[in-house]
Amino acid sequence: MSKSIISEGKTRQEAIDKGLKELKASKDMVTIKDVADEGKRSFYSILAPRVVKVELTIKEGVSKKEDRPEKKTEKKERRPFNENMEEIEAAEIAIKTFLGKFLKEDVSYEVGINEFKIEVVLSGENINYLIGYRGETINNLQVLLGAIANKGASSKIRLFLDVGGYKEKREKTLEDLAEKIAKTVMRTGKSITLEPMTAYERKIIHSKLQENNKIATFSKGEEPYRKIVVGLNK
């Protein structure tokens with residue numbers, strides 16, 4: 001008979017994650033069923049924190065992780081970044097053309113090539129709208145410019161975008177946050193999950209905390225809601 005458990009959490013995903021951890025299983029190894037709270041709710045229970053319940057059942061014929069032989073996985077080769085100067089220079093021209101049509105007259109831009117990487121810097125007064133809430137707009141603009149740069153390219157062209165010095169300020173803010181979180185984790189002994197961040201921002205946190213051998217970090221979740229978990233290095 002397949003093993004089943006009921007798992008609880010503040011959210012459905014949290015309940016699933018707890019259940020998978022208890023079963024020592026991956027998501028593809030189980031069936032997941034939402035469990036409704038059949039009890040009659042009182043006024044006070046409505047005010048209580050929301051609890052989500054799910055039932056996880058190991059699929060028939062599937063063994064748990066600890067029972068399965070380890071598989072040797074081949075490391076995927078990272079595709080090298082583009083170092084074809086003709087393609088990079090063509091991408092530079094395409095980006096300049098786009099920015100010339102896209103930006104308002106009060107926004108100036110500089111586009112250059114540095115060690116096979118295209119660097120774009122936007123400046124001007126009142127350009128916070130190009131940064132957006134928590135960098136949402138600048139991140140979307142980076143994706144757009146990256147798509148323009150890589151259209152027709154034989155391999156990935158690297159691109160760096162900054163608006164009014166935002167990237168430097170954001171990096172300092174995240175490094176300060178990382179240090180603050182690390183101190184809290186060491187003091188309490190409890191792991192802390194940060195809010196969702198972009199891959200660029202997560203890299204800053206990971207890199208900063210690599211300096212602390214008492215702290216371990218890992219990412220969980222799916223994009224664009226991927227988060228960093230900071231805990232003690234056991």
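**Exercise 1. Find what share of the 234 residues is buried.**

Solution. Start with the cut-offs: buried means under 20% relative accessible area, exposed means over 50%, and partly exposed lies in between (1.4 Å probe, protein chains only). Buried residues make up 29% of the 234 residues in the protein. The model is predicted: local features need pLDDT of at least 70, side-chain atom pairs count only at pLDDT 80 or more, and totals for chains, interfaces and linings use all residues. Residues are numbered from 1 along each chain as its sequence is written, and side-chain values use heavy atoms, with hydrogens and water left out.

**Exercise 2. Count the helices and strands.**

Solution. Take the rule: helices (H or I, at least four residues) and strands (E, at least two) are DSSP runs, numbered from the N terminus. The protein has six helices and nine strands.

**Exercise 3. Decide whether Lys 53 and Lys 208 are buried, partly exposed or exposed, and list what each touches.**

Solution. Contact means heavy atoms within 4.5 Å.
- Step 1. Lys 53 is in strand β3. Its relative accessibility is 28%, so Lys 53 counts as partly exposed.
- Step 2. Leave aside neighbours within four places in sequence. Lys 53 then contacts Ile 6, Ser 7, Glu 8, Asp 34 and Val 35.
- Step 3. Lys 208 lies in helix α6. Lys 208 has a relative accessible area of 18%, so it is buried.
- Step 4. Not counting residues up to four places away in sequence, Lys 208 touches Glu 175, Ala 178 and Glu 179.

**Exercise 4. Describe the largest pocket: volume, central residues and lining.**

Solution. On a 1 Å grid over the protein atoms alone, a pocket is an open set of points where a 1.4 Å probe fits, with protein on both sides within 12 Å along at least five of seven lines; lining residues have an atom within 4 Å of a point.
- Step 1. The volume is about 1300 Å³.
- Step 2. Of the 33 lining residues, the closest to the centre are Asn 139, Thr 198, Ala 199, Tyr 200 and Glu 201.
- Step 3. α4 (136-150), β6 (158-163), α5 (166-188) and α6 (199-209) give two or more residues each. The largest share, seven residues, comes from α4.
- Step 4. Sort by class: 13 are nonpolar, eight polar and 12 charged. Ala, Val, Leu, Ile, Met, Phe, Trp, Tyr, Cys and Pro count as nonpolar, Asp, Glu, Lys and Arg as charged, and the others, Gly among them, as polar.

Methods: Points joined across faces, edges and corners; volume = space filled by probe spheres on them.
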